[in-house]
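Subject: Model handover

Hi,

Here is the structure for you to look over.

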Amino acid sequence: MSAFRRIITVVAASAAAAGLVVAVGFAPPASATPCSAPEANVPPPAAPPAMPAPAPIVEPPTGRRPSNANDHAPLPKLGPLIASLFKPAAPNTRYAAPLHPQAEVVPPGPNPVVPGQPPNAGQLVPNALPVQPPAPRPEPGPPPPASIAGAPTSLVEWVTGPNSPNKTLQRFGISGTDLGIPWDNGDPARPQVLMAFGDSFGYCSVKGQQWRYNILFRSSDHDLSHGIHVADGVPNDKYSGSPVWTTGLAKQVVNTIHRAPHETGIIPTAAISIGKTQYMNYMSIRKWGRDGEWTTNYSALARSLDNGQSWGIYPGTIRAASPDAIPGTNFVPGNENFQMGAFMRGNDGYLYSFGTPSGRSGAAHLSRVPQNFVPDLTKYEYWNGDGGGHWVPNNPGAATPVFPGPVGEMSAQYNSYLQQYLVLYSNGGSNDVVARTAPAPQGPWSPEQPLVSSFQMPGGIYAPMIHPWSSGRDLYFNLSLWSAYDVVLMHTVLP
């Protein structure tokens with residue numbers, strides 16, 4: 001591959017004062033892509049905007065997809081419901097009440113510590129608000145429900161892709177993407193759900209196939225029964241449907257900071273708002289292996305103060321995955337178990353952060369941090385289940401699994417209907433969508449409860465991402481399809 005001009009890295013003065021690195025650049029082209037949709041292989045309706053010179057790529061971004069998937073599998077026919085693909089509901093158990101979303105649902109109990117403006121330092125946070133003593137832990141809730149396994153689940157609609165109502169190829173230059181990690185933006189005046197996507201492709205006939213490491217969409221939909229609607233992207237409008245370079249081309253939002261000698265991806269894994277400040281955890285990909293296997297350089301936190309329009313990265317939040325991953329960075333044992341994960345807000349002033357190693361074979365671990373100290377790794381505590389269980393400060397190596405692997409891409413939420421904490425993930429080799437429930441973030445967690453079998457969806461599935469405005473018996477989640485390499489919205493009716 002010919003050499004490319006190095007991405008320009010700009011460190012803004014204000015960001016430097018906050019310990020943030022703001023990287024300005026674009027993603028490299030992919031050498032192989034899942035561009036099977038005919039629409040993606042024809043010339044775009046107008047000459048696409050010129051893409052700035054990218055950095056080289058070592059391998060194509062294929063590692064997150066399940067094994068034995070067929071690139072040439074036919075795209076599924078997605079009507080409003082495809083209940084015939086799923087276990088049918090028992091008579092008179094179908095729930096059809098309208099959706100009443102409840103953003104930012106937290107479990108009952110003492111009022112959480114009200115977070116102030118998040119600190120502006122990456123490591124030491126000298127200007128942070130004082131840590132409030134955590135509220136007493138509430139009594140454990142009811143035991144896990146008898147079973148939510150096999151709860152009626154249906155496919156609502158495409159979220160992305162040439163076949164989606166959002167027409168993401170024509171409107172955003174997105175023919176293929178995955179993940180769609182949704183979270184509430186925490187803005188009471190302009191409530192929106194932001195969605196972070198991974199490796200994204202546009203018109204495949206264009207040189208480089210318009211590949212971006214990641215993109216972001218926004219939606220204000222409160223009625224999810226008809227899908228997720230994304231408004232047009234407007235340049236410099238932080239509430240429009242997507243941050244865009246120009247009309248018709250969604251921009252890459254989190255860029256490289258050039259800390260790793262070998263980097264082939266910058267992939268979001270979790271995101272949440274604290275007040276109106278957005279935090280995103282991402283992983284720096286070192287090498288893609290076989291399907292479902294990959295290695296990371298590190299994970300880190302990015303922050304946005306403008307509703308996801310622009311992002312800076314805290315260097316102090318880098319968690320190296322191995323001693324040789326990041327030159328000049330101290331490797332802390334245990335951080336290899338927090339390369340991917342899921343955020344979940346507690347009722348006690350803490351943000352809970354699940355962690356897994358890179359790939360889909362590891363177990364889930366748990367940490368927590370006061371919500372006004374999210375960027376300060378020294379303030380994190382780690383759950384150690386030995387001897388009845390206790391929280392260990394500032395020692396990721398002390399974390400023990402809260403439930404075993406294989407755990408693929410996961411999401412987490414407190415579910416007000418179940419009165420339980422809920423996680424969804426794809427369970428490694430078979431890549432079925434499974435759920436677990438627990439009365440507390442640290443457990444005890446129920447056994448895996450299957451919701452969607454990989455045999456029920458053509459071409460393979462992964463990354464079930466819970467929509468934050470799910471409420472009552474209606475559980476909505478984004479799901480990635482391997483063969484289509486796009487995201488759909490799913491709906492489960494809890495028993």
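First, the ground rules. This is a predicted model, in which local features need pLDDT of at least 70 and side-chain atom pairs count only at pLDDT 80 or more, while totals for chains, interfaces and linings use all residues. Numbering starts from 1 along each chain as its sequence is written, and side-chain values use heavy atoms, with hydrogens and water left out.

**The sheet**

Helices (H or I, at least four residues) and strands (E, at least two) are DSSP runs, numbered from the N terminus. Two strands pair if DSSP finds at least two bridges between them. On that basis, five strands make an open sheet with antiparallel pairing, ordered 12-13-14-15-16. Strand 12 (340-345) and strand 16 (390-393) are at the edges; each has a single partner strand, so one side of each lacks a neighbour in the sheet. On average, neighbouring strands here are turned by 30 degrees against each other, direction ignored. Axes are lines fitted to C-alpha atoms, for helices over the stretch in contact, and angles run from 0 to 180 degrees between N-to-C directions.

Strand 15 (residues 381-384) runs antiparallel to strand 16 and is joined to strand 16 by four bridges. Opposite Asn 384 stands His 390 in strand 16.

**Salt bridges**

The rule: a side-chain nitrogen of Lys or Arg within 4 Å of a carboxyl oxygen of Asp or Glu. The count is seven salt bridges.

- Glu 381 with Arg 368: the closest N and O atoms are 2.7 Å apart. Glu 381 is in strand 15 and Arg 368 in strand 14 (residues 365-370), so the pair ties together parts 13 residues apart in sequence. Glu 381 is buried at 19%. Arg 368 is also counted as buried, at 10%.
- Arg 436 with Glu 448: the closest N and O atoms are 3.9 Å apart. Arg 436 lies in strand 19 (residues 433-438) and Glu 448 in the loop between strand 19 and strand 20 (449-452), so this pair links parts 12 residues apart in sequence. Arg 436 is buried at 8%. Glu 448 is partly exposed at 30%.
- Arg 290 with Glu 293: the side chains meet at 3.0 Å, N to O. Arg 290 is exposed at 62%. Glu 293 is partly exposed at 39%.

Asp 199 is in the loop between strand 3 (193-197) and strand 4 (215-219). Its relative accessibility is 0%, so Asp 199 counts as buried.

Glu 336 is in the loop between strand 11 (319-320) and strand 12. Glu 336 is partly exposed, at 29%. The side chain of Glu 336 reaches the backbone nitrogen of Gly 334 at 2.8 Å. Beyond its neighbours within four places in sequence, Glu 336 is in contact (heavy atoms within 4.5 Å) with residues including Phe 331, Thr 356 and Pro 357.

Best wishes

Technical notes: Buried means under 20% relative accessible area, exposed over 50%, partly exposed in between (1.4 Å probe, protein chains only). A polar contact is a pair of N or O atoms within 3.5 Å; within protein, one must be able to donate a hydrogen and the other to accept it, and residues adjacent in sequence count only if both atoms are side-chain atoms.
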